[in-house]
Amino acid sequence: MNKVVITGIIAGVLIAGFIFAPFNSGGIPSASAQVPTQPTGVTKKVLLVASEKEVQVAPDNALHPGGIRYNAMVWNGTIPGPVFAVDQGDILEVTVRNDGQVIHSLDIHAGIGPSNVISGNVKPGETKTYTLHANTPGFFMYHCGADGLFGVWEHIANGMAGGMVVHPQNEKPAKEFYLAFSEIYSNVADASKAGSFDLQQFLNNNATLILTNGMAHKYVPSIGEEVKVVLNPDAQPFKVKPGELTRWFIVADGPNSGVAFHFISGMLDAVRDGSVLNRYGTTVLNDETHYIPVGSGSVIETTFPEEGVYVGVDHDMHDVYKGAALAVIANNTSTLTDQPPGTAVAPKGSESVVASNATLATVQPLMTGNQTGTEAATMMENNASMTMTEQQAQNTTG
């Protein structure tokens with residue numbers, strides 16, 4: 001072998017050593033470096049009811065006069081399905097009940113192995129129960145798997161998806177929110193009648209609407225200052241206190257496209273998702289926009305430093321037009337329990353898998369250090385007159 005070839009091989013080995021050194025030196029977690037999950041000995045239960053129903057997916061506004069209704073498939077009656085939460089090491093007992101007219105099934109991305117993930121077909125009128133070992137912390141999508149995956153695209157597009165939280169053992173207390181982005185492919189885009197799934201629009205990747213927790217522009221009162229367009233007169237924006245740690249569990253349900261998530265006037269302080277083996281180990285500081293792949297959930301932590309209106313968007317601008325935006329109001333009147341309906345998350349250590357005023361109260365003393373659990377449990381949404389920052393939210397989304 002000539003000297004040139006030998007020199008090239010040696011150089012290649014040295015370069016490879018430099019390139020892959022971080023994988024072997026602890027710079028990036030390896031499989032052998034993971035700490036095994038310790039079982040908590042706790043079993044929690046969740047019931048997911050599959051059915052079909054007509055729902056409103058766009059409000060009556062200038063973009064969609066009269067609103068838009070859709071023949072959806074739903075978990076527990078809503079798009080998206082409810083968020084449920086357990087602690088790392090818990091066992092989750094999942095019961096799937098089919099109150100609908102077609103076959104449904106359940107696929108939970110938080111598990112590993114078919115016995116932990118897939119319910120199998122649940123025929124109309126049937127109920128099935130199985131267990132999931134919540135060993136991997138993070139935030140994960142769940143969805144209907146249709147009839148052994150046949151038609152799974154339609155069932156997800158019709159609304160049968162949601163999110164599951166597995167709180168890690170080292171998680172800090174924060175005010176937490178659930179947010180699902182999803183797509184509707186409808187054969188009707190007006191108020192004439194309820195629409196249904198359009199296969200050709202789906203194949204063309206031409207979503208009729210982008211929904212935030214089940215409705216286009218659900219949390220956006222209006223847009224524009226000089227030219228004001230009312231998008232949702234019944235919008236309930238998210239509320240936070242300036243400077244408090246907030247944690248957003250955001251899932252890109254798709255079924256076709258991910259979400260380029262961004263807070264206008266804000267910064268993503270930490271992003272934790274599934275890009276390394278221990279899943280909760282990814283941290284990105286001072287990130288402006290984070291891409292959430294379709295079928296994935298990400299945990300985004302941030303603080304809103306001053307009073308005012310902040311806007312969360314999918315920075316794919318045609319998606320914003322179709323509904324992918326939300327308003328966040330930061331002011332000191334916000335409380336621990338004033339999340340919009342369906343967006344609160346059962347905190348770490350909760351006995352229940354779903355949020356309530358009582359479960360949220362367990363977080364308050366840890367966040368403030370000066371309020372009792374009893375006092376926190378009695379806090380209800382502030383119904384005082386509209387504040388200055390709420391008035392601002394009526395006038396702009398950015």
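Me: I'd like to start with one side chain: how does Leu 149 count, as buried or exposed?

Reply: Leu 149 counts as exposed, because its relative accessibility is 52%. With a 1.4 Å probe and protein chains only, buried means under 20% relative accessible area, exposed over 50%, and partly exposed in between. Before we go on, note that this is a predicted model, in which local features need pLDDT of at least 70 and side-chain atom pairs count only at pLDDT 80 or more, while totals for chains, interfaces and linings use all residues. Residues are numbered from 1 along each chain as its sequence is written, and side-chain values use heavy atoms, with hydrogens and water left out.

Me: Where is Leu 149 found?

Reply: Look in the loop between strand E7 (138-144) and helix H3 (152-157). Helices (H or I, at least four residues) and strands (E, at least two) are DSSP runs, numbered from the N terminus. The C-alpha atom of Leu 149 is 9.7 Å from that of His 104, although 45 residues separate the two along the chain.

The loop also holds Ala 146. Phi of Ala 146 is near 55°, a positive value in a residue other than glycine. Ala 146 counts as buried because its relative accessible area is 0%.

Me: How should I read the chain as a whole?

Reply: The protein chain has 9 helices and 20 strands. Of its 398 residues, 51% count as buried. Taking contact to mean heavy atoms within 4.5 Å, look at contacts between residues at least 6 apart in sequence: 73% of them join residues at least 24 apart.

Me: Why is strand E8 largely enclosed?

Reply: Strand E8 (residues 161-167) is largely enclosed by the rest of the structure because 7 of its 7 residues are buried. Ala 161, Gly 163, Val 165 and His 167 point one way, Gly 162, Met 164 and Val 166 the other, and all are buried.

Me: Which strands pair with E8?

Reply: Two strands pair if DSSP finds at least two bridges between them. Strand E3 (residues 84-87) and E8 pair in the parallel sense over 4 bridges, with Phe 84 having Met 164 as its bridge partner. E7 and E8 run antiparallel, joined by 6 bridges, and here Met 141 stands opposite Gly 163.

Me: How many residues has the largest nonpolar core?

Reply: In soluble globular proteins, nonpolar side chains tend to be buried together. A nonpolar core is a set of buried Ala, Val, Leu, Ile, Met, Phe, Trp, Tyr and Cys residues joined through side-chain atoms within 4.5 Å. The largest one here has 40 residues, and Phe 181, Trp 248, Phe 261, Leu 326 and Val 328 have the most contacts inside it. Strands that each supply at least two residues of this core include E1 (43-58), E2 (68-75) and E20 (325-330).

Leaving aside neighbours within four places in sequence, Leu 326 is in contact with residues including Leu 179, Phe 181, Trp 248, Phe 261 and Tyr 310. A second, separate core of 24 residues includes Ala 50, Met 73, Val 86 and Ala 110.

Me: How many cavities of 30 Å³ or more does the structure hold?

Reply: Rolling a probe the size of a water molecule over the atoms shows where empty space is left. On a 1 Å grid over the protein atoms alone, a cavity is a set of points where a 1.4 Å probe fits but cannot get out, and lining residues have an atom within 4 Å of a point. Points are joined across faces, edges and corners, and a volume is the space filled by probe spheres set on them. The structure holds 2 such cavities of 30 Å³ or more.

The largest cavity has about 60 Å³ of space, and its lining includes Phe 181, Ile 210, Gly 254 and Asp 314. Strands E9 (175-184) and E14 (246-254) each supply at least two residues of that lining. The second largest cavity has a volume of about 40 Å³, with Lys 175, Leu 336 and Pro 347 among its lining residues.

Note on methods. On a 1 Å grid over the protein atoms alone, a cavity is a set of points where a 1.4 Å probe fits but cannot get out, and a pocket is an open set with protein on both sides within 12 Å along at least five of seven lines; lining residues have an atom within 4 Å of a point.
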